[in-house]
Amino acid sequence: MVEAPVFAEASAHKETLKSPLRQVLSQNWRQLLVLAGFVVLLNVAFYLILGYMPTPPT
């Protein structure tokens with residue numbers, strides 16, 4: 001399988017990163033925490049609704 005031309009050119013000029021995940025985590029940690037908070041809130045809301053809807057009315 002052949003590499004994409006853009007990646008091959010960047011690799012030839014030594015423009016690729018050795019650990020891109022580490023760079024993303026270190027530079028965008030606030031955005032990742034906000035995203036994780038949204039995911040937690042959405043899951044809590046979903047499970048509250050899912051747990052409340054099947055209960056019979058009293």
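These notebook entries record what I looked up in the structure.

**Entry 1: the model.** I noted that this is a predicted model, in which local features need pLDDT of at least 70, side-chain atom pairs count only at pLDDT 80 or more, and totals for chains, interfaces and linings use all residues. Residues are numbered from 1 along each chain as its sequence is written, and side-chain values use heavy atoms, with hydrogens and water left out.

**Entry 2: the overall fold.** I looked up the secondary structure and found 3 helices and 0 strands in the protein chain. Helices (H or I, at least four residues) and strands (E, at least two) are DSSP runs, numbered from the N terminus. The order of the elements from the N terminus on is α-α-α. The radius of gyration of the protein chain is 22 Å, well over the 10 Å that the globule rule gives for 58 residues, so the chain is more spread out than a compact globule. The radius is taken over C-alpha atoms, and the globule rule is 2.2 Å times the number of residues to the power 0.38. I also noted that the C-alpha trace spans about 70 × 30 × 10 Å along its principal axes.

**Entry 3: the surface.** The accessible surface of the protein chain comes to about 5900 Å², and 70% of it belongs to carbon and sulfur atoms. Accessible areas come from the Shrake-Rupley method with a 1.4 Å probe; for residues, only the protein chains shown count as cover. I read that buried residues make up 2% of the 58 residues. Buried means under 20% relative accessible area, exposed over 50%, and partly exposed in between (1.4 Å probe, protein chains only).

**Entry 4: a nonpolar patch.** Which residues form a nonpolar patch on the surface? I found Leu21, Val24, Leu25, Leu32, Leu35 and Val39, with about 520 Å² of accessible area together. Helix H2 (20-27) and helix H3 (29-52) are the elements that give two or more residues to the nonpolar patch. Patches are made of residues with over 30% relative accessible area and no salt bridge; like charges are joined within 9 Å, nonpolar side chains (Val, Leu, Ile, Met, Phe, Trp, Tyr) within 5 Å. A salt bridge is a side-chain nitrogen of Lys or Arg within 4 Å of a carboxyl oxygen of Asp or Glu. Valine 24, in helix H2, is partly exposed at a relative accessible area of 38%.

**Entry 5: the aromatic pair.** I found 1 aromatic pair in a search of the whole structure. Phenylalanine 46 and tyrosine 47 form this edge-to-face pair, at 5.2 Å centre to centre and 70° between the planes. Rings of Phe, Tyr and Trp (its six-membered ring) pair if their centres lie within 6.5 Å; planes under 30 degrees apart count as stacked, over 60 as edge-to-face and the rest as tilted. Phenylalanine 46 is partly exposed at 46%, whereas tyrosine 47 is exposed at 54%.

**Entry 6: single residues.** Proline 5 is in helix H1 (residues 5-12) and is exposed, with a relative accessible area of 67%. Its C-alpha atom is separated by 38 Å from that of glycine 37, 32 residues apart along the chain. Asparagine 28 is in the loop between H2 and H3 and is partly exposed at 31% relative accessibility. Is methionine 53 buried or exposed? Methionine 53 lies in the segment after H3 and counts as exposed at 63% relative accessibility.
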